[in-house]
Amino acid sequence: MISLAGRDILHAWGKFVFTGIGLGLLIGVTLTMAGVYRGMVDDGRALLDNSGADLWVVQKDTLGPYAESSSVNDDAYRTLLAMPGIAQAVNVTYLTMQVRRGDLDVRAMVVGIAPGRPGIPGWPPYLVAGRQITRGHYEAVADIASGFRLGDRVAIRRNHYVVVGLTRRMVSSSGDPMVFIPLKDAQEAQFLKDNDAIWQSRRRTGANPAFNRPGVPDLLDAVIASQSTNAFVNAVLVTLEPGHAPEEIARSVGRWKRLTAYTRPQMEEILVGKLIATSARQIGMFLVILAVVSAAIVAFIIYTLTMDKIREIAVLKLIGTRNRTIAAMIMQQALALGLIGFVVGKITATFAAPLFPKYVLLVPFDSIAGFFAVLAICVLASVVAIRMALRIDPAEAIGG
Amino acid sequence: MSSKGIRIEGLKKRYGGGDTAVHALKDVAMDVAPGEVVGLIGPSGSGKSTLLKCLGAVIDPTAGRMTLGDEVIYDDGWKVRDLRALRRDRIGFVFQAPYLIPFLDVIDNVALLPMLAGVPNAEAREQALELLTALDVHHRARAMPSQLSGGEQQRVAIARGLVNRPPVILADEPTAPLDSERAMAVIRILNDMARKFETAVIVVTHDEKIIPTFKRIYHIRDGVTHEEAGEGRGFD
Ligand SMILES: Nc1ncnc2c1ncn2[C@@H]1O[C@H](COP(=O)(O)OP(=O)(O)O)[C@@H](O)[C@H]1O
Ligand SMILES: [Mg+2]
């Protein structure tokens with residue numbers, strides 16, 4: 001026996017290929033959407049991995065520092081260091097903002113890292129070019145996704161920084177590239193007022209007779225200086241000594257220090273479960289819509305192809321073709337369409353993924369799941385056409 | 001009368017029931033010997049197609065008796081269980097239009113029937129080629145139906161009707177779309193094939209050009225058949 005479906009496809013290959021390509025683009029979008037979600041999760045994990053911390057200590061009862069804002073006194077780390085089991089406790093600030101280089105304006109997450117050496121929490125764990133920050137001010141290490149190059153001068157608020165090093169895959173949970181700068185600079189940038197605000201504040205302070213005393217000329221300067229320094233950071237990144245359970249230490253930090261500490265699994269839950277949950281649902285909605293549209297396209301095409309063959313199907317039945325054979329022919333055509341679509345979609349997604357501004361992670365599992373979803377959709381979509389074909393009366397071949 | 005061929009006795013067909021029932025066949029009697037080609041002629045609505053559908057086992061008659069060869073296939077009810085196999089193996093159909101399967105080439109359009117019966121592809125194609133050769137279209141065996149002329153298509157359709165060597169051919173206005181020369185050619189082919197393969201052929205027609213070629217004609221009017229002698233003029 002010959003394959004009726006195969007022959008029909010070869011005969012009408014143009015229709016199949018073009019519909020397959022159209023369907024394929026849709027499937028490509030679907031796979032990419034799944035990849036966007038995977039990329040977001042992976043960005044979140046990379047963020048946590050790259051911070052190098054075992055515990056994140058944040059302002060009490062906040063989900064900081066990534067999902068909510070949090071501010072912690074910048075000397076809290078000293079008391080944390082005194083706790084048993086804590087090896088390192090390092091201040092860090094995170095601030096998402098626009099970073100400028102000439103005309104280029106990049107959305108970035110500016111990370112303030114405490115003075116020290118590479119390897120302490122918060123520092124970029126490895127560089128792809130250049131060196132780490134060595135000076136206390138105005139040096140930056142940027143992720144290459146920012147588009148910055150070594151030696152670039154970038155502006156963060158009012159200050160300029162020289163890019164001395166480049167990292168890779170150092171992004172915020174929303175995919176913004178990171179720019180690392182010294183902690184002091186970052187604290188200043190975070191709370192920096194514009195010139196007018198500073199002037200206003202100074203005028204107000206100067207007009208206050210309690211500060212502006214004729215007999216104590218240094219008092220006003222000291223007050224103004226204390227107003228314009230920022231003694232807060234967003235979090236303290238903590239590493240533990242071996243043999244200490246993170247949960248226990250997190251609990252005792254919460255109990256004694258009027259701070260909240262999160263372990264790695266808790267942070268992951270906050271990032272993946274809460275921060276990107278809405279995006280995930282949004283993507284889920286798109287996936288459903290795309291699946292429905294794909295099903296509609298396959299159903300429509302298979303239905304039309306079958307409609308065009310009513311007379312031939314009646315003849316096939318008249319000369320003794322089984323219903324099963326005819327149903328198989330239609331279903332095979334739908335599956336062939338799905339197969340073409342999947343191949344086109346997979347290729348499209350693979351080539352398109354790197355072009356997206358945010359990280360798109362194509363996981364084999366999604367491709368396999370997508371493949372079976374496409375097959376299932378095609379089978380479902382062929383049901384309408386099959387039902388119609390089975391209702392065709394062989395007597396129709398003989399006519400009236 | 002020969003025990004082979006087609007014999008129809010007292011065949012009735014009623015569509016629907018109650019007040020709206022249509023008695024399409026009231027009393028049909030026919031006898032066609034192997035190798036014989038008879039004409040079935042009647043005005044529109046007289047029951048020609050209904051008769052072919054009953055004999056072709058695609059609709060159920062209401063009553064009567066039909067015999068194919070030695071076997072009673074219908075006697076107030078079907079006597080064969082697999083009507084699909086009956087159609088496939090023992091009845092050849094030729095329609096007004098060729099109705100070839102557009103996505104199969106000529107040889108596979110014909111070979112499909114033996115293939116459906118389980119004959120291996122190579123053997124089925126051999127049988128098909130034999131018929132195509134007999135009908136003089138073997139040189140188009142690998143062409144697609146859309147590449148053939150109308151006459152060639154109709155010859156391929158006849159080859160398809162004959163390939164399983166059915167004892168019966170039912171032809172429903174096979175010459176309607178053809179000019180008189182081609183119509184005559186088709187009738188000649190049907191006669192040749194009937195003789196060659198010992199096939200009983202019923203040709204439904206109201207084509208004035210070919211009516212004189214039949215030796216015997218059945219007239220059907222309001223679901224009742226009357227036999228009469230035809231001119232049997234031959235083809236020249
Ligand atoms: N499926 C059907 N249901 C009801 N009546 C039908 C059906 N098919 C045919 N008829 C009626 O049966 C009669 C015979 O029709 P048909 O066999 O098609 O005649 P012919 O082929 O000679 O023109 C007509 O009156 C027609 O209206
Ligand atoms: Mg008719």
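In chain A, 75% of the contacts (heavy atoms within 4.5 Å) with a separation of 6 or more are between residues 24 or more positions apart. Please keep in mind that this is a predicted model, where local features need pLDDT of at least 70, side-chain atom pairs count only at pLDDT 80 or more, and totals for chains, interfaces and linings use all residues. Residues are numbered from 1 along each chain as its sequence is written, chains are lettered from A and ligands numbered from 1 in the order in which they are written, and side-chain values use heavy atoms, with hydrogens and water left out.

Let us start with the overall form. Chain A holds twelve helices and twelve strands, taken as DSSP runs (H or I, at least four residues, for helices; E, at least two, for strands). Its radius of gyration, taken over C-alpha atoms, is 31 Å, well over the 21 Å that the globule rule (2.2 Å times the number of residues to the power 0.38) gives for 400 residues, so chain A is more spread out than a compact globule. The C-alpha trace of chain A spans about 120 × 50 × 40 Å along its principal axes.

Now to the interior. Of the 400 residues in chain A, 47% are buried, meaning under 20% relative accessible area with a 1.4 Å probe, protein chains only.

Methods:
Buried < 20%, exposed > 50% of the residue type's maximum accessible area, 1.4 Å probe, protein only.
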